[in-house]
Amino acid sequence: MLDVLRSEIDECDAIIIEALLRRLMTASRIAAYKKEQNLALYQPEREAAILNRIEKSLENTPYAKHIQELYRCIFRLSRCIQMKHVFPHNIVLVGFMGSGKTTVGQYLADMSGYAYYDIDTIIEEEAGYSISEMFSRHGEAFFRSVERKTIERVSNNDQAVISCGGGCILDQRNVVCLKQKGKVVWLMAEPETLYERIKLQGTRPLIINRTFAEIEDMIKKRQPLYSVAADYRISIDRKPVSDIVDAILDLVMR
Ligand SMILES: Nc1ncnc2c1ncn2[C@@H]1O[C@H](COP(=O)(O)OP(=O)(O)O)[C@@H](O)[C@H]1O
Ligand SMILES: O=C(O)C1=C[C@@H](OP(=O)(O)O)[C@@H](O)[C@H](O)C1
Ligand SMILES: [Mg+2]
């Protein structure tokens, strides 16, 4: 009995995979066509119409909500694939420590096929030791100079998602560099969200032994710099990573 049911699942999977591949490849062809014809890539009314049709066809069936959830995921995949065709900029993530630049950037790059660069990770890999270690061995000024050189080099890439360290906006030259080929997305968050996250991790040299009030003050001081640098801004509080990626795609493909 179990074998029979399992072979039915296998048959379903084969159909789903074939249909999904066909759908995603068609989405990719649509993007290429839109680019060629100079048409707007993001047409929300088309997405709404598809969702409407799906909702109707699922009326009075079990699992309607589950299938709709799956469709949200398929739309995200489609958009990521399309973005690669038509978005002529790098995506640069900035924001205070703990806002999720590293996590969101990795997810966005995985999904879109863009190359992924996390400035802090590159610095650590090239130095052979951690950023905390760099602060304690050589001081913050040394770190900032390594950070600037790394940003200068990485900014030259194309079709890249670049996650910066939270302090990159302290030096205007970094922002100028990143904007040459990139659009800057500011991941905004309430101080409480950031504090909870960075306190838990305990890996950031500028945060060790700081009170909530001190961190709040640091956030306030940096906010105008993020604001000036940002082409787009997204509030990330209480949003899962997939929703933040959705919001980024929504903004950049409008
Ligand atoms: N949307 C999210 N929801 C819940 N936790 C998150 C989210 N984004 C990031 N995190 C968690 O918050 C912490 C900081 O994330 P990270 O990506 O390192 O931030 P940043 O690079 O901006 O400092 C990590 O533990 C990460 O798993
Ligand atoms: O905001 C900052 O000054 C810093 C942020 C860190 O990166 P994350 O924002 O990814 O934590 C890292 O670059 C370094 O500890 C300094
Ligand atoms: Mg990071």
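Which residues are buried in α7? In this predicted model, where local features need pLDDT of at least 70, side-chain atom pairs count only at pLDDT 80 or more and totals for chains, interfaces and linings use all residues, the buried residues of α7 are Phe 143, Glu 147, Thr 150, Ile 151 and Val 154. They cover an arc of only 100° around the axis, taken from the directions from the helix axis to the C-beta atoms, and therefore lie on the same side of α7. A residue is buried if 20 or more other C-beta atoms, placed from the backbone, lie within 10 Å of its own, exposed if 12 or fewer, and partly exposed in between. Ala 141, Phe 142, Ser 145 and Lys 149, on the other side of α7, are exposed. The cover over the buried residues of α7 includes β2 (115–118), α5 (119–127), α6 (131–138), β3 (160–163) and α8 (172–181).

Residues are numbered from 1 along each chain as its sequence is written, with chains lettered from A and ligands numbered from 1 in the order in which they are written. The protein contains eleven helices and five strands, defined as DSSP runs numbered from the N terminus (helices H or I, at least four residues; strands E, at least two). Of its 254 residues, 27% count as buried. The C-alpha trace spans about 65 × 50 × 35 Å along its principal axes.

Beyond its neighbours within four places in sequence, Ile 162 is in contact (C-beta atoms, placed from the backbone, within 7 Å) with residues including Asn 90, Tyr 117, Ile 119, Val 154 and Leu 178.

Around ligand 1 there are 15 residues (C-beta atom, placed from the backbone, within 6 Å), of which Gly 100, Lys 101, Thr 102, Thr 103 and Arg 197 come nearest. Two or more residues of this shell come from each of α4 (101–112), α9 (191–201) and α11 (241–252), and α4 gives the most, with three. The residues around ligand 2 include Lys 101, Thr 102, Asp 120, Gly 165 and Arg 204.

Technical notes:
Two residues are in contact if their C-beta atoms, placed from the backbone, lie within 7 Å.
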